[in-house]
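Please examine the arrangement of strands in the structure shown below.

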Amino acid sequence: IATSWDPGAFPSTRGLAVRGGTVYAAGAQAVAAFDAATASLSWRREAESEVMTLAVEGRRLFVGGMFSMLGVQQRHRLAALDATTGEATAWDPEPSGAVNALLMVGNTVYVGGEFWSIGGRQRSAIAAVDATTGAVSEWDAHLVDGWVNALAVRGSTVYVGGLFTSLGGQPRVSLA
């Protein structure tokens, strides 16, 4: 049975994240923050294209998708927002294509999607990015012959799902 919590229309929700008393939603050309108890809107940032995934850590909300503008800030497909105000931070790794999945592990943001470079470094569909500086780490899954749609972690292992037939030169069909 659904609870009485109802923030109203938020078309095509693609991503959700929760931190403390706030629920973050991503979807059709917007990202928004709602009060987890009252469902009232705290803030909303428009984008000119799809916002697809979210990850929250502390006071930062990491946002991925196909956008090139988020609110009034130019951010290409990946951005970090102040989780309380929704304002864009200086963090801006600029992947070359869409971001479909985000995963936070400590101070690392794992980014999955349809890109071949990020932060000026060659990375194929998956990368590890410093959550503070935006620098791409030395960690490299090597060639992915498709794209990444899902990421999960257990211990020191990152699990990858998407549409691919090989990862790191090894035959792997859609899950590695």
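## Basis of the report

The structure is a predicted model. Strands of a sheet pair through backbone hydrogen bonds, and the pairing is either parallel or antiparallel.

## The four-stranded sheet

In what order do the four strands of this open sheet stand? The order is β1-β2-β3-β4, and the pairing is antiparallel. At the edges are β1, residues 15-19, and β4, residues 41-46, each of which pairs on one side only. On average, neighbouring strands of this sheet are turned by 15° against each other, direction ignored.

The pairing of β3 with β4 may be followed in detail. Strand β3 comprises residues 30-35, and five bridges join this strand to β4 in the antiparallel sense. A33 has W43, in β4, as its bridge partner.

## The three-stranded sheet

A further open sheet contains three strands in the order β5-β6-β9, again described as antiparallel in its pairing. Why is one side of β5 and of β9 left without a neighbour in the sheet? Both β5 (51-57) and β9 (78-82) stand at the edges and have a single partner strand each, so one side of each lacks a neighbour there. Direction ignored, neighbouring strands of this sheet are turned by 25° against each other on average.

Within this sheet, β5 pairs with β6, which spans residues 60-65, in the antiparallel sense over six bridges. Opposite T53 stands G64, a residue of β6.

Notes. Residues numbered from 1 in each chain as written. Predicted model: local features only at pLDDT ≥ 70, side-chain atom pairs only at ≥ 80, totals over all residues. Heavy atoms only, no water. Pairing = 2+ DSSP bridges. Helix = DSSP H or I, 4+ residues; strand = E, 2+ residues; numbered from the N terminus. Axes fitted to C-alpha atoms, helices over the stretch in contact; angles between N-to-C directions.
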